[in-house]
Amino acid sequence: MNSNTHLQIILADTRINTVLPAIAQLNLPNWWLAGGAVRNTVWSSVFGNDCGLGIKDFDIAFFDIEGNRSQEQVAKTTLTEKFPHDEFDVKNQASFARWRLGSRPYNNTEDAIADWLHTATAVGVRLDAQGQWQFFTPYGLDDLFGGIIRPTPTHTHNIDAHNKASGFLQKCPYLRLA
């Protein structure tokens with residue numbers, strides 16, 4: 001079984017499989033569900049309930065060069081109305097550098113996700129127009145499945161990446177630093 005199929009099997013029986021179709025219905029351009037929801041769902045599946053990392057929120061990244069912050073809020077409100085017990089963080093990666101100091105401008109959503117702090121966090125999933133799963137895994141899935149916390153190349157010496165890694169280790173002792 002290939003890694004993408006393995007990831008789909010893990011996610012298919014979780015909250016992510018319930019939320020993905022609703023995200024797809026928003027028709028956000030070049031969107032991906034990525035980050036902690038995907039990472040923590042996999043780590044909980046691999047390491048069991050003793051791994052105290054659950055879904056804090058659903059990180060939805062999209063790219064619309066003409067978009068504005070209200071687009072993010074409309075998407076968040078729509079999802080929150082449908083799933084009132086969940087949190088959603090919807091961000092247009094085209095405008096990210098404008099409001100987040102120190103961020104570089106991105107060329108597309110994939111460019112942004114590949115620049116996230118850790119390789120196991122830089123994993124995106126979505127449904128295409130036919131409802132088929134798609135995956136974006138710029139660093140592969142070995143770190144995700146192996147519980148390895150490794151900074152992405154641009155964050156090797158980033159204190160934020162180090163601090164986040166420490167938090168992961170406190171909640172899930174089965175993880176390892178690379």
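Q: With which residue does the side chain of Glu-72 meet in a salt bridge?
A: This is a predicted model, in which local features need pLDDT of at least 70 and side-chain atom pairs count only at pLDDT 80 or more, whereas totals for chains, interfaces and linings use all residues. Residues are numbered from 1 along each chain as its sequence is written, and side-chain values use heavy atoms, with hydrogens and water left out. A salt bridge here is a side-chain nitrogen of Lys or Arg within 4 Å of a carboxyl oxygen of Asp or Glu. For Glu-72 the N to O distance is 2.6 Å, and the partner is Arg-69.

Q: Is Glu-72 buried or exposed?
A: The classes rest on relative accessible area, with buried under 20%, exposed over 50% and partly exposed in between, using a 1.4 Å probe and protein chains only. Arg-69, at 40%, is partly exposed. Glu-72 has a relative accessible area of 5% and is therefore buried.

Q: How many residues apart in sequence are the parts that the pair of Asp-86 and Arg-15 ties together?
A: The closest N and O atoms of Asp-86 and Arg-15 are 2.6 Å apart, which forms a salt bridge. Helices (H or I, at least four residues) and strands (E, at least two) are DSSP runs, numbered from the N terminus. Asp-86 lies in the loop between α4 (69-82) and β3 (88-92) and Arg-15 in helix α2, so the parts tied together are separated in sequence by 71 residues.

Q: Which side chain of opposite charge is nearest to Glu-110?
A: Glu-110, in helix α6 (residues 109-114), is buried yet has no salt bridge. In the charge count, Lys and Arg are positive and Asp and Glu negative, while His and the chain ends are not counted. Contact means heavy atoms within 4.5 Å, and the residues that Glu-110 touches, leaving aside those up to four places away in sequence, include Asn-30, Trp-32 and Phe-136. The nearest side chain of opposite charge is 4.4 Å away and belongs to Arg-126.

Q: Which residue in β3 is the bridge partner of Asp-59?
A: Two strands pair if DSSP finds at least two bridges between them, and β2 and β3, which run parallel, are joined by five. Both faces of β2 are covered, with Phe-58, Ile-60 and Phe-62 buried on one side and Asp-59 and Ala-61 buried on the other. The bridge partner of Asp-59 in β3 is Asp-89.

Q: Which residue of β2 is the bridge partner of Leu-33?
A: Strand β1 (residues 32-34) is joined to β2 by three bridges, and the two run antiparallel. Within β2, Leu-33 has as its bridge partner Ile-60.

Q: How many residues does the largest nonpolar core have?
A: A nonpolar core is a set of buried Ala, Val, Leu, Ile, Met, Phe, Trp, Tyr and Cys residues joined through side-chain atoms within 4.5 Å. Leu-7, Leu-11 and Val-125 are among the residues with the most contacts inside the largest core, which has a total membership of 41 residues.
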